[in-house]
Amino acid sequence: MIVKRKRLFIGIDLSPDFKTRVQKIISVYPQELSQMRWVSKENYHITLKFLGETDILPETIMNVLRQTYMLLLPFNLTFGPLSFLANALIIDIEKSEDLTHLFYLTDNTLKSLGFRNENHAFHP
């Protein structure tokens, strides 16, 4: 069986309410944001870890992470100001112990599948 390499990342989905609020922000700045290419709001997310191109099946990755995440409790995030950088809308996220713990837990779990640990401190 030939497995096609895929470009993957681990992301945190955002609430429908938050996605709608981001959509409204975008509509307020049409001129500043006109050159940006937007994904549909259903695809808005926070990238927790970029995996790059891999031939490991996404289902394999998700099965390993599901086992790791089973014991985690839900947590809230606090969003800060927004800014524009090149062709991106950046919404700051206040650093939280829960989010930092999730990042390192994810990083260490994926090491078992052969992914390298990040060599920098986590910054949401």
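1. Which residues lie nearest the centre of the second largest pocket? They are I12, D13, P74, F75 and L102, among the 14 residues that line this pocket, where a pocket is an open set of points on a 1 Å grid over the protein atoms alone, fitting a 1.4 Å probe, with protein on both sides within 12 Å along at least five of seven lines, and lining residues have an atom within 4 Å of a point.

2. Please keep in mind that this is a predicted model, in which local features need pLDDT of at least 70 and side-chain atom pairs count only at pLDDT 80 or more, while totals for chains, interfaces and linings use all residues. Residues are numbered from 1 along each chain as its sequence is written, and side-chain values use heavy atoms, leaving out hydrogens and water.

3. The largest pocket has a volume of about 860 Å³, and H45, T47, L89, I90 and I91 are the closest to its centre of the 24 residues in its lining. The largest share of that lining, six residues, comes from β4, a strand (a DSSP run of E, at least two residues, numbered from the N terminus).

4. Not counting residues up to four places away in sequence, I61 touches L8, I10, L51, I56, L110, L113 and F115, where contact means heavy atoms within 4.5 Å.

Methods
Points joined across faces, edges and corners; volume = space filled by probe spheres on them. Helix = DSSP H or I, 4+ residues; strand = E, 2+ residues; numbered from the N terminus.
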